[in-house]
Amino acid sequence: MRHHTDKKYKIKPLDFILTGLIISGLVFIFLRIRLNLRYEWAWNIIPKYILKNNPETGRIIPAVILQGLFLTVKLSIWGILSGLLIGTVFGIAGSGKNLFGRIIRHIYVGFVRNIPPIVLVFIFYFFFSSQILDNLGIEKALKAANPRVIKLVTIVFIKPSLLTEFFSAALSLAIYEGAYITEIIRAGIESVPKGQIEAAKALGMSPLSRLRHIILPQAVTQMLPPLSGQFISTIKDSAIVSVISIPELTFQGLQVMASTYATFEIWIVITLIYLVLTGGCSLIFERIFSGRKAAGR
């Protein structure tokens, strides 16, 4: 029988004081902007950049800001999946006794974590995109492809004309996030009690069998919370690829701001969208982990 021990939070006088201070601070900022900068708020222009009417079908479709949000989500998903693959390889290699694997892990993690992410973005954009992907002829092949293939590529990735830029952006994100995931994987593997690994060796299990049946099932429990946090970090870090003109959320915000001069309105909306996106992910992961804990009681 499950017992509910969660206590309801009681509102205290300090909560009212802090809420009042926050509201007062926001009002003060808005008044300073309105009076000192003589800024004319133009919230009425925002909706048309979120949703718009399709003149051909008459349906409501996403406008540039929502399009940027969808691309941010796609970039984040591909970045974290690719980063997870990279991090798993380096994490497993770096957690063993093999000296070469440990050295490679140290070099990779040390290099990536000690340079600004924008440098990685430019490296992959100017080298990977222009020297490798362009020579593969992907865009030319897609131009002659079936319209359904082009539509599928657009849905899963981006429109074909920006595909090489998308791949270089996703890969730079994967390399950057992969360095942190490497350490998460390594720490998770090393958290498994040594006695269990020694017992598996005594039973004659191969290294691969030990990894599959003994180490990873236990390590994953330790890895999931920090990995979920890393996914949320990837969403925020994806804004850096706006410097190579990937039309994700931040880039679209810059474009709308440049055309409307509605600086504060645009960035307040962009900020709120990021907060809803990352906050929503945090709540989902929190529910998942609390459910797992409750099921394990």
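## Close-up views of a predicted model

**View 1. Q230 and its neighbours.** Setting aside residues up to four places away in sequence, Q230 touches I80, E177, Y180, I181 and I184. This is a predicted model, so every view here shows a prediction. To find Q230, look in helix α9. Is Q230 buried or exposed? Q230 counts as buried because its relative accessibility is 11%, and the limit for buried is under 20%.

**View 2. The largest nonpolar core, with M223 in the picture.** This core holds 34 residues, and M223 and L249 touch the most other members. Which elements give two or more residues to this core? They are α2 (64-95), α7 (163-190), α9 (207-237), α10 (249-260) and α11 (263-295). With 8 residues, α9 gives the most to this core. Leaving out neighbours within four places in sequence, M223 is in contact with I184, I185, G188, I189 and L216. Another core, of 16 residues, lies apart from it; among its members are L71, V121, L162 and I244.

**View 3. The largest pocket.** About 530 Å³ of space lies in this pocket. Its lining is made up of 15 residues, and Q67, F70, K74, T154 and I155 are the ones nearest the centre. Two or more lining residues come from each of β2 (60-62), α2 and α6 (147-156). Which element gives the most to this lining? That is α2, with 4 residues. By class, the lining of the largest pocket divides into 9 nonpolar, 3 polar and 3 charged residues.

**View 4. The second largest pocket.** Here the volume is about 450 Å³. The pocket is lined by 15 residues, with S95, G96, K97, I197 and I215 nearest its centre. The elements α2, α7, α8 (194-202) and α9 each give two or more residues to the lining. How many charged residues does the lining of the second largest pocket have? It has 7, together with 6 nonpolar and 2 polar residues.

**View 5. Aromatic rings in pairs.** A pair of aromatic rings is described by the distance of the centres and the angle of the planes. In this model the count comes to 11 aromatic pairs. One of them joins Y125 and F126, which sit edge-to-face at 5.0 Å centre to centre, with 70 degrees between the planes. F166 counts as buried, since its relative accessibility is 0%. Ring pairs also link W78, F157, F166 and F167 into a cluster.

View 6. Most residues other than glycine have a negative phi. What is the phi of S245? It is near 65 degrees, a positive value in a residue other than glycine. S245 is found in the loop between α9 and α10. At 41% relative accessibility, S245 is partly exposed. Now turn to Y261, whose place is in the loop between α10 and α11. Phi of Y261 is near 60 degrees, a positive value, and Y261 is a residue other than glycine. Y261 counts as exposed because its relative accessibility is 66%, and exposed means over 50%.

Notes. Residues are numbered from 1 along each chain as its sequence is written. This is a predicted model: local features need pLDDT of at least 70, side-chain atom pairs count only at pLDDT 80 or more; totals for chains, interfaces and linings use all residues. Side-chain values use heavy atoms; hydrogens and water are left out. A nonpolar core is a set of buried Ala, Val, Leu, Ile, Met, Phe, Trp, Tyr and Cys residues joined through side-chain atoms within 4.5 Å. Buried means under 20% relative accessible area, exposed over 50%, partly exposed in between (1.4 Å probe, protein chains only). Contact means heavy atoms within 4.5 Å. On a 1 Å grid over the protein atoms alone, a cavity is a set of points where a 1.4 Å probe fits but cannot get out, and a pocket is an open set with protein on both sides within 12 Å along at least five of seven lines; lining residues have an atom within 4 Å of a point. Grid points are joined across faces, edges and corners, and a volume is the space filled by probe spheres set on the points. Ala, Val, Leu, Ile, Met, Phe, Trp, Tyr, Cys and Pro count as nonpolar, Asp, Glu, Lys and Arg as charged, and the others, Gly among them, as polar. Rings of Phe, Tyr and Trp (its six-membered ring) pair if their centres lie within 6.5 Å; planes under 30 degrees apart count as stacked, over 60 as edge-to-face and the rest as tilted.
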